[in-house]
Amino acid sequence: MTKQYKAAALISGGLDSMLAARAIQEQGIYVEGLNFFTGFCVEGHTHAIRKKDQNRPKRNNALWVAEQLGMKLHFVDVIEEYKEVLFNPKHGYGAHLNPCLDCKIFMVEKALEWIKENEFDFIITGEVIGQRPKSQRKETMPVIARESGAGGLLLRPLCAKNLPATIPEQEGWIDREALFDFSGRTRKPQMALAERYGFTEYAQPAGGCCFLTDAQYSVKLTDLWKSRGSKAYELDDIMLLKVGRHLRPKPEFKVIISREEGEGKFLQGYKNQYVSLKTTSHAGPLALLDGQLEPGDLELAARMVARYSQGRNAEQVELEVREKDGTTRTLSVTPLPPSEIQKGWLL
Amino acid sequence: MSASDEVVTVDARRLLCPMPVIRVQNEVKKSPPGTRIRAICTDPGALSDIPAWARINGHKIIATESLDDEHIITLEVGEA
């Protein structure tokens with residue numbers, strides 16, 4: 001009886017990993033998908049929070065791809081383990097805090113652990129030589145295979161013909177001639193293959209699937225580390241960096257101010273972890289105070305929050321100050337004039 | 001009591017997708033077929049993500065309901 005070979009596909013939700021998985025399914029291989037969650041994945045987060053986006057269709061693209069391909073998908077929570085990748089990337093960062101090459105090595109390493117535990121035979125990714133400047137280059141392909149420990153068990157179906165044959169090809173588990181030789185940044189071969197497979201709908205490339213490639217997010221994360229004196233974070237910290245305006249008027253504290261109702265609701269979920277401020281005399285945002293406040297700082301923060309309320313031109317704005325234990329009091333302040341909000345405060 | 005009589009609650013409030021799915025997935029892994037799992041979520045994305053995850057992994061959605069800002073999805077664990 002012929003053995004049914006099994007492959008684990010790294011599924012991001014984008015077109016390339018979708019095509020790679022389908023290409024291997026076409027060869028009679030049983031494929032299941034893996035999606036690694038680092039905490040920095042873009043996948044719909046801010047859309048889920050913001051009220052104006054509430055009516056947009058919410059879809060996790062990795063799940064959607066798996067459903068289109070008729071395969072199982074396993075999410076792998078790597079939030080804790082990923083910290084070491086982010087803090088000390090052996091191959092350095094990209095343009096911002098994105099450790100893309102180390103990240104790819106790490107994910108393939110985790111996939112290798114998974115296939116061993118689950119008795120699968122090899123790993124596939126949607127990588128294409130030259131597709132991304134940091135992690136998908138001719139020189140980095142063998143680095144990922146070697147440093148992840150996957151070696152010849154790592155197959156990239158979309159550019160396999162540009163690379164040495166892997167174990168599945170050498171052993172005849174799959175037909176190398178039916179694989180592809182894509183390279184470079186052009187998307188035309190992927191589009192053509194998508195058409196061949198009958199994929200009329202797929203996620204468009206949107207400049208990365210990770211918040212660490214975002215300049216503003218990286219500034220906020222660097223500020224978080226600097227304020228704490230160490231590169232440390234918890235999931236709540238990195239989620240909060242995705243929400244609201246972050247202003248740091250003093251090194252000791254920052255104010256996170258919601259920009260709209262959905263963000264206000266989201267921040268409300270943190271009211272037992274942070275002192276919060278909410279305007280009561282006028283419609284306005286909810287704000288969280290993060291850090292150590294000195295005498296006078298609470299008033300400064302309240303004036304900042306009032307500045308972003310409907311009472312910005314009023315003489316006085318009243319706010320409710322809520323302590324972490326739920327006790328409240330009222331504060332009346334003059335909104336801070338825009339000219340007094342220094343440019344450097346906004347992260 | 002049979003597995004289907006039990007309802008295990010997963011509190012995924014305040015978590016954004018895919019964390020509610022991951023919490024459900026972790027609970028499913030340690031539950032025998034027939035167990036019912038009730039996920040309480042605040043991310044409306046869970047209303048599509050948890051059923052999609054359940055469909056592709058062979059589990060059955062029993063009910064979904066939304067009350068104010070909370071969304072409750074109940075599924076029954078399928079055969080592995």
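Biologist: What should I know about the numbering and the model?

Modeller: Residues are numbered from 1 along each chain as its sequence is written, and chains are lettered from A in the order in which they are written. In this predicted model, local features need pLDDT of at least 70, and side-chain atom pairs count only at pLDDT 80 or more, while totals for chains, interfaces and linings use all residues.

Biologist: Why is helix α3 of chain A largely enclosed?

Modeller: A residue is buried if 20 or more other C-beta atoms, placed from the backbone, lie within 10 Å of its own. Helices are DSSP runs of H or I, at least four residues; strands are runs of E, at least two. Helix α3(A), residues 61–69, is largely enclosed by the rest of the structure because seven of its nine residues are buried. Trp64(A) and Leu69(A) are among them.

Biologist: Which elements do the buried residues of α3(A) pack against?

Modeller: Contact means C-beta atoms, placed from the backbone, within 7 Å. The partners are α1, β2 and β3 of chain A, together with α2 of chain B.

Biologist: Which residues of α1(B) meet α2(B)?

Modeller: Pro20(B), Val21(B), Val24(B) and Gln25(B) meet Ala46(B), Asp49(B), Ile50(B) and Trp53(B) of α2(B).

Biologist: How many bridges join β7(A) to β6(A) and to β9(A)?

Modeller: Strands pair if DSSP finds at least two bridges between them. Four bridges join β6(A) to β7(A), antiparallel. Five join β7(A) to β9(A), also antiparallel. Phe253(A) of β7(A) partners Lys250(A) and, in β9(A), Gly291(A).

Technical notes
Buried ≥ 20, exposed ≤ 12 C-beta atoms within 10 Å, placed from the backbone. Contact = placed C-beta atoms within 7 Å.
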